Amino acid sequence: MIFLKLFWTFLKIGAFNFGGGLATIALIQNEVVEKHGWLTAQQFTDIVATSQITPGPVGINTATYTGYTAIVNAGYSEWLGILGAVMCSLSVILIPVILMLIVSKFLLKHKDNKLVATTLSVLRLTVVGLIAAAALLLVSPETFGTYASSPAQLFVSIGIFAAVFIASIGFKASPILMILLSGVAGFVIYGFIV
Amino acid sequence: MPKLIQIFWSFFKIGTFTIGGGYAMIPLMERELVDNRKWVSREDFLDILAVSQAMPGIFAVNMATNIGYRLRKAPGSLTAIFGNIGMPIVIILGLATCFSFLQDNEVFESIFKGIRPAVVALIAAPVFNMAKSAGINWKNFWIPLVAAVLIYLLGISPIWIIAAAIVGGICYGKYKERKEAQV
């Protein structure tokens, strides 16, 4: 039953989701693409791109869109897809919201506690590895193309990857702008040149 | 005490008019909640920010949960959350249904062929800045390295890695406490 499995998967993702939107993306990628194969790597990158250029928290957007696509991929109707999308968005925040309500009720402040601070510093380092692994896993024929099927696409992909990588590390370019520009590049290069 | 509709409207604006994720919402949240509405003091706002980052979950939703609770208890929380994520969900669903019709469209495919490698770069690039702000050094760089290797090469679920990091972090914290107590 894919609805139950999706609910459980996003419940887990929410509970272990430390370290911001990219960590959410890394967790969803691993569970949904690598472990369960509900989505292809290609579908997932398209979803991440869309989630970053539309309003709202990136983690929520990714969860919503992933839920929809997983249900539709499994052969259900678009309406059930919408239901699955809403379910995933809610299950990913369920446990954090309950924990947050407890924290708000008792006015807990983490910074007073050294043990919490130490644990968080270890978690932050771990999340860096998590995101690095997600990036590596997404370097695939589905996202870059292959030399065998189209050498041109592979070279263009590597070029775009390098340009965006350098622009964001060296010049702190806006991710939204980078996505829009590479979309334009894709439109021009694959539509008119290659 | 603010009305639920006011809470909804404030968080609706914050959620609907920021592109670029939770952290991009901070300035808008501060202006709306601290300066305009005066629902929280700047000091409290920074405390809530720290707690929301430390807790698991979606940062913006954690902020909404906490501030909503301060204003109107649990109903306030729920109102703030749905105000914050309601419109983004509707927009994504609208796009998702449109895109499923465009899937085989050539122009659409060309655009996304260009975007896909960019997305991978946008996930990879922040890793370096995050490592720096997480305080990476020669003693601890093995932590992200081992995490990445276990996930990438051995296919271990990141959930287990995070669980291990929590247990490891607590043990290390306890060890540090004991050591400091001895000195």
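The model on your screen is predicted.

**Stop 1: one helix.** Select residues 114–138 of chain A. This is helix H6(A), with 25 residues. From first C-alpha to last, H6(A) reaches 36 Å, close to the 36 Å expected at 1.5 Å a residue. Is H6(A) mostly covered or mostly open? Mostly covered: 18 of its 25 residues are buried.

**Stop 2: where the chains touch.** Now show chains A and B together. Here 98 residues of chain A are in contact with 89 residues of chain B. Look for H6(A) again. It gives 23 residues to the side of chain A that touches chain B, the largest share. Colour that side by class: 58 residues are nonpolar, 31 polar and nine charged.

Stop 3: Select residues 175–193 of chain A, which form H9(A), and residues 106–124 of chain B, which form H5(B). Their axes lie 7 Å apart, and the packing angle is about 140°. H9(A) and H5(B) are therefore oblique to each other. The crossing of H9(A) past H5(B) is right-handed.

**Stop 4: the residues in that contact.** Show side chains. On H9(A), pick out contact residues including A:Met178, A:Gly183, A:Phe187 and A:Tyr190. On H5(B), the contact residues include B:Val107, B:Phe112, B:Lys113 and B:Leu122. Which classes make up this contact? There are 13 nonpolar, six polar and one charged residues.

Note on methods. Residues numbered from 1 in each chain as written. Chains lettered and ligands numbered in written order. Predicted model: local features only at pLDDT ≥ 70, side-chain atom pairs only at ≥ 80, totals over all residues. Helix = DSSP H or I, 4+ residues; strand = E, 2+ residues; numbered from the N terminus. Expected span 1.5 Å × (residues − 1). Buried ≥ 20, exposed ≤ 12 C-beta atoms within 10 Å, placed from the backbone. Contact = placed C-beta atoms within 7 Å. Nonpolar A, V, L, I, M, F, W, Y, C, P; charged D, E, K, R; others polar. Axes fitted to C-alpha atoms, helices over the stretch in contact; angles between N-to-C directions. Parallel < 35°, antiparallel > 145°, perpendicular 65-115°, else oblique. Left-handed = near helix turned anticlockwise from the far one by under 90°.
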